[in-house]
Amino acid sequence: MSTPGISILEGKYMATMDLFPQQSKEFNQMTPFYEHLREGRFTTTKCKGCGAESFPPRVMCPECFSVDLEWIDWPTVGTVIDVTEEMVGVPLGFGKPPLIHALVDLQGKKTFFVRIINCNAGELKSGDQVRLSVFDVDPVPQEVGREVVEIPRVFYAFEPVK
Amino acid sequence: MDRKVCVVAGGMSKWGVRDGSQRDFFQEAAKACYDDNPLMDPKDIDGLLVASAYTERTSYQTHLAPLVAEYAGIKPKNICARVELLCASGSSAIILAYAMIKSGQADIVMVAGGEKLYTPQKWEVFYSELASVDHDWDSSQGLGLPPPVFAMVAKQHMKQYGTKKEHLAAVTVKNRRNSALNPKAQFQNAVTMEEVMSGRMIVPPLTLYDCCPITDGAAAVVLAVEEKAKEMTNKPLVYVMGTGQASVNNMSANMPNWTTWEALKIAGAQAYAKSKVSPDEINVAMTHDCFTISEIIEMEDLGFCKKGEGGVFVGDGQNDFGGKIPTNTDGGLLGCGHPFGGTGIRQGIEVMKQLRGDAIQQVPNATFGLTHNLSGFIAAHTVLIYGKEVR
């Protein structure tokens, strides 16, 4: 990665300006979430003490404060409540407009406001089904000893069920 | 002894797409604040709270408060720190200054807030906004300071309550008319209903005119304990009466309700109870019109009209001069712009002037005023109530 005109940044990577969460175990204890994504699973943490299922996944249960948590699978298909299409102001890294989002009822677990991909403008409507879609994002060049290792990453959006 | 807290001075820099740096704007705001009250000696200020959200990102400057103190020509001895709650940073700092003075930890505290948001390459503005909501779980879906979120709120409010696009537009027409008379505001021209209705689409149903702009600028107020305030000004005293700040969720998936803002109702109830003032008694309000739909929902959830009737309420001009609750009389965010840390302070300045009786557009006999900010993914709400008396 190079930054034209700023010679001192040549070849450097700025984690503080990264779009996506760090996914290596050195920088994120929620690494299993991303490992599960690679398997097509949408997961979160459930408290073994009180049974609360939280999202985002946690280190500590926000209901009973136990740290005895387990990973569980959540549905990967949900129902669209409503759709928005952003024509102006799409952040760098999210493609050309429109950037489509939908409020999705994930089978009663939560309503997620998520990015919709593989979808044309005007195509998605209330009541439609969408499913989890996992894609690769740019790897992180991470220093391991004297070496720089590229840590692969994935992330998720949802796409129409066709 | 119960210590009462007054606002004794306030001023702001010109807001807009400005030539200059963050520290330039803080000096302009301090100067305007000092000029507002020539009887005050700034050297008496014993505390400084600075509100700025993007200082590290767009000015690459942390440890901001001592820098502002140095430039503002003051030497705080009881507090000198920065407060950050994104769009509500300024009002949060006023709450903390109030608490410090009320508790006796300080006597005279300046609260200054502002931002330099425009960078030499404009893409960076939208990119930086990805720091504003839950980075790992919402920003990574492409949500920054998100028009899509408020477009979704507007769509749901329209669906549930029959709110119309014309209702949204009425908020802009009012606030831009007010900002056109405010020389410090970003927008110096009024807009017609026809212009607003045919504006460039940002995220349907929100057009360009439904969204507040990105803004450079700063603002400052000085709060003082009543005994000193009486000696510091010959203008009517304006008191901070009560405050509330609530958060019930952060990530979008945990938002309890998109069209009734639970945290706003909690923060409002706290502020009303502590002030011993009811919504019916408020004479003037500055509410967080980051998007037009926000002002409509705020009318409802602050108790100025019934739930679901916000659209008709603003359509009838009940939030305008001569209506039930004149709102954003200086132009609001839609007209003045929104340098995050500055906004709550700008609101406080306008309420101070309304209660003193020297506002540019004066609400007759205003006795009680309210300010409100929302911040993040509608994730926190901040309410302050000011009055010419305390109860």
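Predicted model: local features only at pLDDT ≥ 70, side-chain atom pairs only at ≥ 80, totals over all residues.
Let me begin with chain A, which has one helix and eight strands. If you follow chain A from the N terminus, the elements run α-β-β-β-β-β-β-β-β, and the C-alpha trace spans about 50 × 45 × 25 Å along its principal axes. Of the 162 residues in chain A, 25% are buried. As for how the chain folds back on itself, among the contacts in chain A between residues at least 6 apart in sequence, 50% join residues that are at least 24 apart.

Is A:A102 buried or exposed? A residue counts as buried when 20 or more other C-beta atoms lie within 10 Å of its own, and because A:A102 has 29 C-beta neighbours inside 10 Å, it counts as buried. Leaving aside neighbours within four places in sequence, A:A102 is in contact with A:V80, A:D82, A:V83, A:V114, A:I116, A:L124, A:V130 and A:F158. One of these, A:V114, is 12 residues from A:A102 along the chain, and the C-alpha atoms of the two are separated by 5.6 Å.

The second example is A:P57, which you will find in the loop between β2 (53-54) and β3 (69-74) of chain A. Not counting residues up to four places away in sequence, A:P57 touches A:M30, A:F33, A:T44 and A:T45. A:P57 and A:K110 are 53 residues apart in sequence, while from C-alpha to C-alpha they are 13 Å apart in space.

Now to chain B, where the domain assignment gives domain 1, covering 5-121 + 215-238, and domain 2, covering 145-213 + 241-387. The C-alpha centres of domain 1 and domain 2 of chain B lie 23 Å apart, and the contact between these domains takes 37 residues from domain 1 and 35 residues from domain 2. Which elements give two or more residues to the side of domain 1 of chain B that touches domain 2? They are β1 (5-12), α4 (89-102), β4 (108-115) and β7 (217-225) of chain B, and the largest share, seven residues, comes from α4(B). By class, this side of domain 1 of chain B has 21 nonpolar, 12 polar and four charged residues.

The crossing of α1(B) past α3(B) is right-handed. On the α1(B) side the contact is made by B:R23, B:F26, B:Q27 and B:A30, and on the α3(B) side by B:L67, B:V68, B:Y71 and B:A72; by class, that contact has six nonpolar, one polar and one charged residues.

In the other pair, α6(B) packs with helix α11 (residues 292-301) of chain B at an angle of about 50°, with the axes 9 Å apart, so that α6(B) and α11(B) are likewise described as oblique to each other. Here, however, α6(B) passes α11(B) in a left-handed crossing. The residues B:F150, B:V153, B:A154 and B:H157 in α6(B) meet B:I293, B:S294 and B:I297 in α11(B), and the residues of this contact divide into five nonpolar, two polar and no charged.

How many residues of chain B are in contact with chain A? There are 25 residues of chain B in contact with 25 residues of chain A. On the side of chain B that touches chain A, the elements that give two or more residues are α5 (123-128), α6 (147-161) and β5 (201-203) of chain B, and the largest share, seven residues, comes from α6(B). The residues on this side of chain B divide into 16 nonpolar, six polar and three charged.

Methods: Residues numbered from 1 in each chain as written. Chains lettered and ligands numbered in written order. Contact = placed C-beta atoms within 7 Å. Helix = DSSP H or I, 4+ residues; strand = E, 2+ residues; numbered from the N terminus. Nonpolar A, V, L, I, M, F, W, Y, C, P; charged D, E, K, R; others polar. Domains from an automatic or database assignment. Axes fitted to C-alpha atoms, helices over the stretch in contact; angles between N-to-C directions. Parallel < 35°, antiparallel > 145°, perpendicular 65-115°, else oblique. Left-handed = near helix turned anticlockwise from the far one by under 90°. Buried ≥ 20, exposed ≤ 12 C-beta atoms within 10 Å, placed from the backbone.
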